[in-house]
Amino acid sequence: MEQAEVPSAAGNRVLGKVAIRIMPFLALLYFVNYLDRVNIGFAGPNGMNKELGLTATAFGFASGIFFLGYLILEVPSNLALHRFGARRWIARIMITWGVVATVMAFVPNPATLVILRFLLGVAEAGFFPGIILYLTYWFPAAQRAKAVALFMTAIPVSSALGSTLSSLLIVNGHGVFGLAGWRFMFLVEGIPAILLAFVTWFYLTDRPEKANWLTDDERTWLVAELERERQAKETEHHWTLRKALTHPRILGLAFVYFAIAYGLYALGFFLPTIVAGFGQQFGTKLSVLQAGLVIAVPYAIAAVVMVVWARHGDRTRERTWHVALPMLIGGIAIPIALYLGNPYAAMAAVTVCAVGVCAALPTFWALPSSFLAGSAAAGGIALINSLGNVSGFAAPYITGWLRDLTGSQRTGLWVVGACMVAGALLAIALGTKLKSREPSAVTTESPATD
């Protein structure tokens, strides 16, 4: 493979202009997306479980069934985005998920809750891998982990701000329109996806070739840079769509992502329940709003570390240990959280796990995009995300089942830790093949400056 080139100062200005144009908007979309996906975690311990009569196992099943619907349509959805363009396809996804998310405010029983969560997964299928694919259209490999990190800060930010927002809506929305607080939260948090779908249609640009907000010289440089990189990948790796959907390397990466996402969703769905349990475990009394602020702390710290760690990975051009090391640290930290003697120590351990999960995520997505291009990238990225997100079903269901079986959260968190450590070890084992090939070189051409 041809050596990746480091953009000149003028090239960096072009990439900076692209980042300013698309990254805040994409992060906003993912903020709304992730919040609608995990806000059931706030509804559960704040009235929904009691009103609908859900056990921990039933709650875990309803939380996780989302990902079975997600799994079914992930690959075809991403191929459709590659064919029809991000602007149209992402807007379509947002409208359908927004409608389903809003309807959840009126769920009458557990069976309907399960159906709607499944349909929410079907509606959202293709959104996240579609954005990852979309970023490969705009950022060269050497800058991609940082771009993905900026996009994925929406995960810890939505978990931090979302916990406070959801708590406020539950507390202050109780009785509005005759709805319980958790129902009002679903209603309010579902509507933005519908509204932003129309903004997406007019705001996003499918490819650099169509970016009239770049000058001719800027557009020419970016298109040429990305085309050079695409041709180099295809010459070196020869990845077809069929190969990307069947190769053991892709399946190995899918398990690594499964392990990262297992930790992410176990925390996302059950951290509110864990914090609510501090009252019984430590005698700590927290209001709904106070609990939301406590939950925000690990994710606020993780958001900062995520970007710094991804930038370090881009600068050193090392990928494997930038994925494996935070997974190892986070996997070791999480199971000991509930063995500590006070809530501050427990939250410190939870924070370390959240940092580990979030730090591993953006650099992970630099791995498949380092050797996949075109339809192979569309299919391979979607398959990795699809199989990896099976953990979104497994994590809440297994954690809830173990909670009912043992009467404690501890066993479930040991499983979380073991899964993350196993994924880290596999990432290391794959390291020789997954090692990024991005040594520094000097760019010979750059866009003209004014």
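Is Glu225 buried or exposed? Glu225 is buried, with a relative accessible area of 6%. This report on a predicted model returns to that residue after an account of the chain as a whole.

## Overall architecture

The protein chain contains 22 helices and zero strands. Of its 450 residues, 60% are buried. Among contacts between residues at least 6 apart in sequence, 84% join residues that are at least 24 apart.

The chain exposes about 16,800 Å². Carbon and sulfur atoms supply 66% of that area.

## Helix α6 and its neighbours

Helix α6 covers residues 86-103. With 18 residues at 1.5 Å a residue, α6 should span 26 Å, and the distance of 26 Å between its end C-alpha atoms agrees with this.

Several residues of α6 are buried, including Ala86, Arg87, Ile90, Met94, Trp97 and Gly98. The buried residues of this helix pack against α1 (9-38), α5 (66-84), α7 (110-124), α8 (127-136) and α11 (181-203).

## A nonpolar surface patch

On the surface, Ile95, Val99, Val103 and Phe198 form a nonpolar patch, and together they have about 320 Å² of accessible area. Helix α6 contributes the largest share of the patch, namely three residues.

Val99 is partly exposed, its relative accessible area being 41%.

## Salt bridges

Side chains of opposite charge can pair when their charged atoms come close. The count for this model comes to six salt bridges. One of them joins Glu51 and Arg183, whose closest N and O atoms are 2.9 Å apart. This pair links distant parts of the chain, since Glu51 lies in helix α3 (residues 48-52) and Arg183 in helix α11, 132 residues apart. Glu51 is partly exposed, with a relative accessible area of 44%, whereas Arg183 is buried at 11%.

Helix α12 (residues 216-237) holds Arg219 and Asp216, and their side chains meet in a salt bridge with an N to O distance of 2.4 Å. Because Arg219 and Asp216 are three residues apart in the helix, about one helical turn separates them. An α-helix has 3.6 residues a turn, so residues three or four places apart point the same way. Arg219 is buried, with a relative accessible area of 18%, while Asp216 is exposed at 53%.

Glu225, the residue of the opening question, forms a salt bridge with Arg228, and the closest N and O atoms are 3.3 Å apart. Arg228 and Glu225 are also in helix α12, where a spacing of three residues places them about one helical turn apart. Arg228 is buried, with a relative accessible area of 17%, and Glu225 is buried at 6%.

## Cysteines without a disulfide

How many disulfides does the count come to? The count comes to zero. A disulfide requires two cysteine sulfur atoms within 2.5 Å. The closest cysteine sulfur to that of Cys353 belongs to Cys358 and is 9.1 Å away, which is too far for a bond. For Cys358, in turn, the closest cysteine sulfur is that of Cys353, at 9.1 Å.

Cys353 is buried, with a relative accessible area of 0%. Cys358 is likewise buried, with a relative accessible area of 0%.

Notes:
Residues are numbered from 1 along each chain as its sequence is written. This is a predicted model: local features need pLDDT of at least 70, side-chain atom pairs count only at pLDDT 80 or more; totals for chains, interfaces and linings use all residues. Side-chain values use heavy atoms; hydrogens and water are left out. Patches are made of residues with over 30% relative accessible area and no salt bridge: like charges are joined within 9 Å, nonpolar side chains (Val, Leu, Ile, Met, Phe, Trp, Tyr) within 5 Å. Accessible areas come from the Shrake-Rupley method with a 1.4 Å probe; for residues, only the protein chains shown count as cover. A salt bridge is a side-chain nitrogen of Lys or Arg within 4 Å of a carboxyl oxygen of Asp or Glu. Helices (H or I, at least four residues) and strands (E, at least two) are DSSP runs, numbered from the N terminus. Buried means under 20% relative accessible area, exposed over 50%, partly exposed in between (1.4 Å probe, protein chains only). The expected span of a helix is 1.5 Å times one less than its number of residues. Contact means heavy atoms within 4.5 Å.
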